[in-house]
Amino acid sequence: MISSGERDFVVIGGGVVGMCIAFGLIRKGLKVTVLDEGDRALRASRGNFALVWLHTKGIGTPEYSKWTRRSVSLWKQFADELKAASSIDVGLEQRGGFLLCLSEEELQGRIRARGQLQHELGEDHHPLEILRRNQLAAMLPALGPEVVGGSFCPLDGHVNALRLFGALHRACELRGVVYRPNSTVERITPVQNGFEVQLPGEKLSTPRIVLAAGLGNANLAPMVGMSAPVRGERGQIIVTERLDRFLDYPVGNVRQTDEGGVMIGASKEDADFDTLTSTPVLADLASDAVRMFPVLSRARVVRTWSALRVLSPDECPIYDQSKVYPGAFLVTCHSGITLAAAHALDLAADLAEGLLPRRLDIFSARRFSNVPTVM
Amino acid sequence: MFRRLCEPTLSITVYIDGREVRVADGDSVSTALLCAGNLPVRRTSVTSAPRGIYCGMGVCFDCLVTIDGEGNRQACLTTAREGMTVKTGSGRRSLSAETL
C-alpha cells in the first residue's frame, strides 16, 4: 500500500498490542495515529508478567502453538530493532523457562499435556522437556524440597516489561507515530473510503483502522461489522524488593527481573472489571512461590496489584477483518508480550498490505459464531 | 549539615560502617545517618544514582541500608538500638549471604 493523505491507519489502543501494530506499520512507511485512553484505562499491559512463552500454549489448537513459536523465534530480532529505534534495551533473556509441579499428580498432568502437544503438532517437534527434581535442581539451585518435577521449554524467556512498554512508545514517537492519550473512542462510523472516528469533541477520518483496544474491542467491533467476544480474567501480581540474582530462568509463576525484583503471579479469577487485590489470593501466590523457592520467605513485598487478561472463549487470539467494511481490522490476544514480535514484524506487515493472510483465517472470531457475545 | 533543634542526651551507641555514633533514645537510624553525615546512604543497584534520606516516613524506599546484617532495611522506620551495626552503600540484598 502506498502512503497518502494525513494518515493511513488509526490504531485504537496504546497498550503493548496496539503499539506493536503501530511500530510494525510505521516500519512499512505508513502514517499512523494511535488513539489511547488515559491513566485510568483498564490496560492489560500494566499487569503483564513479561514472559516470552511457548511452553504448553496451544494445546487443542496447534496453529496457536505454531504462531506462538513463530513469535518466540522472532523476539531477538524484534528486541534488536526496538533498541535501534529507541536506544532502550528491553532486557530480553531467552535461555528457557520452567513450570514447576508441587505434586506428582500435577507432574503427571504435565506429562500428558506434553504428549498431547507432540501428538497434535506431529512432525513439528515441540521442544518441551519433562524434568525430575534432581535435573531441575541443577539449573535452579534455590529449588525447594517440595518440588517433585516440572517442564522446561528451551525457547522461553522474559523481558523487562516496563522498559518494553517505554521502548515501544519511544520508538513509535521517534519514527513519527502520532500518539494521542485521553482520546477515548465514542463511535466509529464507516464512510466512503474509510472511517470516521468520534472522539470527545472531535472527529478523525482514516482510510483504515485497527481495533487493538483489549476489552474495549467488545464494544467497538460491532461498529465496523465484526465481533470480539472477550472477557476479563483478573490476575494478581506481587513484586518484592530488589535481590541479588538467585534465579537464572523464569518460572511460569515466579521470575526475577533483570533489575533484581521478584515478580510472583499467575492467579486467575473472574472479576468483571474489578482490578483490586485480595489477601487470600495473594497469600496463595506467595505460598506457592515460597514452596518452590524457600529463600523467598525472607523477601519483602514492595507492591501488589492486579489487572485483567483479555481472553476469548478459547483463550486464543482473535485476528479479523471486516467483510462488510473493508479496511477495518481487529487484533486481540491474551499474550501480548509473547506475540509482540509476530505482531510487529509479521501481522503489521500484512495489515500494511491491506489484507489479513489466509493462514490467519483460523483466528477469525467467526469460529465463535455459536458463542454468545460477552459484553 | 544536619543540625538538631534541641540537644538531647546522647545515651545510645550505634556503629555506622564501623564508626561509633552517639544518638538519643528514640532516634531513628536515619537520624543517626544524618547526624553522622553519612550521605549518600547508598547508590541504586540499577543506575548507581546516589540516595539519601528523602521522605523520612517509609514511603520512598530511598534510605535502604543494611542493619545488623539484614539488607534493604528502611533507616527512617528503624529505631536505633544500643550496639546496632549499620552498613551504608550496600547494593541489592543477598538473601543467601544473610545469616539471621
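In what order do the six strands of the open sheet in chain A lie? The order is 8-2-1-12-19-18, with mixed pairing. Strands here are DSSP runs of E with at least two residues, helices are runs of H or I with at least four, and both are numbered from the N terminus. Two strands pair if DSSP finds at least two bridges between them.

The model is predicted: local features need pLDDT of at least 70, side-chain atom pairs count only at pLDDT 80 or more, and totals for chains, interfaces and linings use all residues. Residues are numbered from 1 along each chain as its sequence is written, while chains are lettered from A and ligands numbered from 1 in the order in which they are written.

Axes are lines fitted to C-alpha atoms, for helices over the stretch in contact; angles run from 0 to 180 degrees between N-to-C directions.

Strand 1 (residues 9-12) and strand 12 (residues 208-211) of chain A run parallel and are joined by four bridges. A:Val10 stands opposite A:Ile209 of strand 12. Helix 1 (residues 16-27) of chain A lies across strand 1, strand 2 (32-35), strand 12 and strand 19 (328-332), at about 170° to strand 2.

Strands 18 and 19 of chain A run antiparallel, again with four bridges. A:Ile318 has A:Thr332 as its bridge partner. The two strands form a hairpin with six residues between them, and A:Gly327 in the turn has a positive phi of about 105°. In a regular strand the side chains alternate between the two faces of the sheet. From strand 18, A:Ile318 and A:Asp320 point one way, A:Tyr319 and A:Gln321 the other, and all are buried. Buried means that 20 or more other C-beta atoms, placed from the backbone, lie within 10 Å of the residue's own.

Helix 8 (residues 340-352) of chain A is largely enclosed by the rest of the structure, because 10 of its 13 residues are buried. Among them are A:His343, A:Leu345, A:Leu347 and A:Leu351. The buried residues pack against helix 1, helix 2 (62-86), strand 12, strand 18 and strand 19 of chain A. Contact requires C-beta atoms, placed from the backbone, within 7 Å. Helix 8 bends by about 30° at A:Asp346, the bend being the angle between axes fitted to the seven residues ending there and the seven starting there. A:Gly354, with a positive phi near 90°, follows the helix.

Note on methods. Two residues are in contact if their C-beta atoms, placed from the backbone, lie within 7 Å. A residue is buried if 20 or more other C-beta atoms lie within 10 Å of its own, exposed if 12 or fewer, and partly exposed in between; C-beta atoms are placed from the backbone.
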